[in-house]
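Me: I have a structure open and want to go through it. Can you help me read it?

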Amino acid sequence: MDIPVIDLTRYLEIADKLPTNPEKLSAQLEKEGPWLTELCKEVSRILRETGALVVKDPRCSSEDNDRFIDMMEKYFECPLQFKKLQERPHLHYQVGVTPEGVEVPRSLVDDEMQKKLKAMPEQLQPSTPKGPDRKWRYMWRVGPRPSNTQFKELNSEPVIPEGFPEWKETMDSWGHKMISAIEAVSEMAAIGFGLPKDAFTSLMKQGPHLLAPTGSDLRCYGQEGTVFAGYHYDLNFVTIHGRSRFPGLNIWLRNGQKVEVKVPLGCLLIQTGKQIEWLTAGDCTAGMHEVVVTKRTTDAINLASKQNRSLWRVSSTLFAHIASDAVLKPLGHFAESPLASEYPSICAGEFVEKELAVINLKGSKGES
């Protein structure tokens, strides 16, 4: 991937010294020297131009990611009837497990998106799924929830499966570490966009952040070309992934280029979601992506089989959200954008519920 790795270490060392007041922030940036302003502008530029960012956060280690994936492999290997006990369709699948065959890729149901796909050069087009996604998903709320909210289904109590005494501590630990990385990147992006340092993070407080690993059964669905998650964007603010043990994630950059993701060891991948698109009036657009069994995936399956390792592909994914009761609208100078009218003010929770209905997670049967 031609996306540079942004090391957060130096920013984290001075982050607490940076004020939220724009005038004081400007003075502090000048005091720190050009490196900080240039770094923040680089973060905002990469998010704008590619919709994806690879970061290294010293607080998020490969060991943390491995511990989390080890536990999720053990869970997804459990019998079907056991996993169904953690299913909560009446809560829009926003906590607990979502079985395979429930979530529908947006590219199958969005007429506007289908038109765009047909207009793309054939070699850049995504794979065509044959129906709902063949992936399981576990939704685990991370961080404090609001005591009063008009969106109770989006802020429900977590579901803990029996027989996993380490579950809560493992999920909370990894989830909080990844949110910390997102908060640092969000501050840097805000500064790079010419907004107050806390323009994004202030709206994220008590948001319905979800640690949402997927589980894809490569023993059953390991054939090259199998689609686990059809072409889609994420409806939340930004998404962060730790490294998976099996390749398969393809992303589309702002210029239309299709890229097979290779996250370096010890790094995290961040992707822009629909909520940051809203807040920047389309200056950042939601990144499109899919998960498909590729030649590299089948090579990894063969190696894992020889080593007697799990054949469940677990994604280490977290969806960071704007708080449900906060208002989504273009921020600061983005409100003056010619495209601002395409992003009218809407409560973030209302926006999420509308998006969930499209992909079959809300309604009669019930993010990716």
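Reply: A definition to begin with: helices here are DSSP runs of at least four residues, numbered from the N terminus. Keep in mind that this is a predicted model.

Me: How many residues of H8 are buried?
Reply: 19 of the 26 are buried, so H8 is largely enclosed by the rest of the structure.

Me: Which residues have the most contacts inside the largest nonpolar core?
Reply: Met 72 and Phe 200 do, in a core of 103 residues. The largest share of this core comes from H8, with 13 residues.

Me: What is Met 72 in contact with?
Reply: Setting aside neighbours within four places in sequence, Met 72 is in contact with Tyr 138, Trp 167, Met 171, Pro 213 and Val 314. There is also a second, separate core of eight residues, and Leu 117, Tyr 231, Trp 252 and Ala 286 are among them.

Me: Different topic. Where does Gly 242 lie?
Reply: Gly 242 lies in strand S8, residues 238-242. Its relative accessible area is 7%, so Gly 242 counts as buried.

Me: What does Gly 242 touch?
Reply: Not counting residues up to four places away in sequence, Gly 242 touches Asn 65, Trp 174, Met 178, Leu 268 and Ser 316. As for Pro 213, it is 29 residues from Gly 242 in sequence and 9.9 Å away in space, C-alpha to C-alpha.

Me: Now charges. How many salt bridges are there?
Reply: The count comes to 19 salt bridges. One of them joins the side chains of Asp 133 and Lys 135, at 2.7 Å from N to O.

Me: Is that pair, Asp 133 and Lys 135, buried or exposed?
Reply: Asp 133 is buried, and Lys 135 is buried as well.

Me: What about Glu 277?
Reply: Glu 277 forms a salt bridge with Lys 274, with the closest N and O atoms 3.2 Å apart. These two are three residues apart in helix H10 (residues 274-279), so about one helical turn separates them. Glu 277 is buried at a relative accessible area of 7%, and Lys 274 is buried at 17%.

Me: Why does the spacing matter?
Reply: An α-helix has 3.6 residues a turn, so residues three or four places apart point the same way.

Me: Which side chain meets Lys 354 in a salt bridge?
Reply: The side chain of Glu 350 does, at 3.6 Å from N to O. Lys 354 and Glu 350 are four residues apart in helix H12, so they too are separated by about one helical turn. Glu 350 is partly exposed, with a relative accessible area of 36%.

Me: Which residues are linked in a network of salt bridges?
Reply: Asp 66, Asp 70, Glu 73 and Arg 245 are linked that way.

Me: Last one. Which residues form a nonpolar patch on the surface?
Reply: Leu 108, Val 109 and Val 358 form one, with about 190 Å² of accessible area together. Val 358 is found in helix H12, residues 348-358.

How values were computed. Residues are numbered from 1 along each chain as its sequence is written. This is a predicted model: local features need pLDDT of at least 70, side-chain atom pairs count only at pLDDT 80 or more; totals for chains, interfaces and linings use all residues. Side-chain values use heavy atoms; hydrogens and water are left out. Patches are made of residues with over 30% relative accessible area and no salt bridge: like charges are joined within 9 Å, nonpolar side chains (Val, Leu, Ile, Met, Phe, Trp, Tyr) within 5 Å. Accessible areas come from the Shrake-Rupley method with a 1.4 Å probe; for residues, only the protein chains shown count as cover. A salt bridge is a side-chain nitrogen of Lys or Arg within 4 Å of a carboxyl oxygen of Asp or Glu. Buried means under 20% relative accessible area, exposed over 50%, partly exposed in between (1.4 Å probe, protein chains only). A nonpolar core is a set of buried Ala, Val, Leu, Ile, Met, Phe, Trp, Tyr and Cys residues joined through side-chain atoms within 4.5 Å. Contact means heavy atoms within 4.5 Å.
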